[in-house]
Amino acid sequence: MNTQGFNLSDDIIYLNHAAVSPWPEKTVKAVQQFAKENGEVGSQQYLRWMQTEANLREQLRELINAPGCDEIALLKSTSEALSVIAYGLEWGPGDQIVIPEQEFPSNRIVWESLRPRGVDVVPIDLIDEDSPEDKLINAFTEHTR
């Protein structure tokens, strides 16, 4: 099944479940090129690699209207990014996190892992809500971080 931007085998029907999915063909080619280059000349192109990263940060900065490129973190996955945030903050007993009850498991687990630090994780059911944002906001207390 060759869908736009992907090169899946003809005998595969892939139903993405939002955890791990096939890479777009452009990504496959970029990683292959990087590996080939690194295998042939090592880190001789390191400065160009860093410029590629800087260009990506600038594109992302523009996309999300961040104040500067230093506001952009490049990480391997959503789970890794959430972990960096969750474990980069100081938590104390009584602090509270409000999350959707329907949150994807790997996005929920990182917050639940803070419970031994005394953090209260409050799941809010957002099914059939006209304004899920309002329901989340209304669940905030002075202890919500």
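1. A salt bridge here is a side-chain nitrogen of Lys or Arg within 4 Å of a carboxyl oxygen of Asp or Glu. By this rule the count comes to 7 salt bridges. Side chains of opposite charge can pair when their charged atoms come close.

2. On the source: this is a predicted model, in which local features need pLDDT of at least 70 and side-chain atom pairs count only at pLDDT 80 or more, while totals for chains, interfaces and linings use all residues. Residues are numbered from 1 along each chain as its sequence is written, and side-chain values use heavy atoms, with hydrogens and water left out.

3. Overall layout. The protein has 5 helices and 2 strands, where helices (H or I, at least four residues) and strands (E, at least two) are DSSP runs numbered from the N terminus. Their order from the N terminus is α-α-α-β-α-β-α. The radius of gyration is 20 Å, well over the 15 Å that the globule rule gives for 145 residues, so the protein is more spread out than a compact globule. That radius is taken over C-alpha atoms, and the globule rule is 2.2 Å times the number of residues to the power 0.38. The C-alpha trace spans about 55 × 40 × 30 Å along its principal axes.

4. Surface and contacts. The accessible surface comes to about 10800 Å², with 54% of it belonging to carbon and sulfur atoms; areas come from the Shrake-Rupley method with a 1.4 Å probe, and for residues only the protein chains shown count as cover. Of the 145 residues, 19% count as buried (buried is under 20% relative accessible area, exposed over 50%, partly exposed in between; 1.4 Å probe, protein chains only). Among contacts (heavy atoms within 4.5 Å) with a separation of 6 or more, 45% are between residues 24 or more positions apart.

5. Helix H4 (residues 105-112). Asn107, Val110 and Trp111 are buried in this helix. Seen down the axis of H4, its buried residues fall within an arc of 95°, so they line one face of the helix; the arc is that of the directions from the helix axis to the C-beta atoms. These buried residues pack against helix H3 (78-88), strand E1 (96-100) and strand E2 (120-124). H4 also holds Arg108 and Glu112, 4 residues apart, about one turn of the helix, and their side chains meet in a salt bridge (3.0 Å, N to O). Arg108 is partly exposed at 24% relative accessible area, and Glu112 is partly exposed at 25%.

6. Helix H2 (residues 46-64). Glu58 and Arg61 both lie in H2, 3 residues apart, and form a salt bridge whose closest N and O atoms are 2.8 Å apart. Glu58 is partly exposed at 27% relative accessibility. Met50 lies in H2 and is partly exposed at 33%. With Tyr46 and Leu47, Met50 makes a nonpolar surface patch of about 340 Å². Patches are made of residues with over 30% relative accessible area and no salt bridge, like charges being joined within 9 Å and nonpolar side chains (Val, Leu, Ile, Met, Phe, Trp, Tyr) within 5 Å.

7. Asn65. This residue lies in the loop between H2 and H3. Asn65 has a positive phi of about 60° although it is not a glycine, and is exposed at 66% relative accessible area.

8. Which residue forms a salt bridge with Asp95? The partner is Arg145, the closest N and O atoms being 3.1 Å apart. The pair links distant parts of the chain, 50 residues apart: Arg145 is in the segment after helix H5 (132-138), and Asp95 is in the loop between H3 and E1. Asp95 is buried at 15% relative accessible area, whereas Arg145 is partly exposed at 48%.
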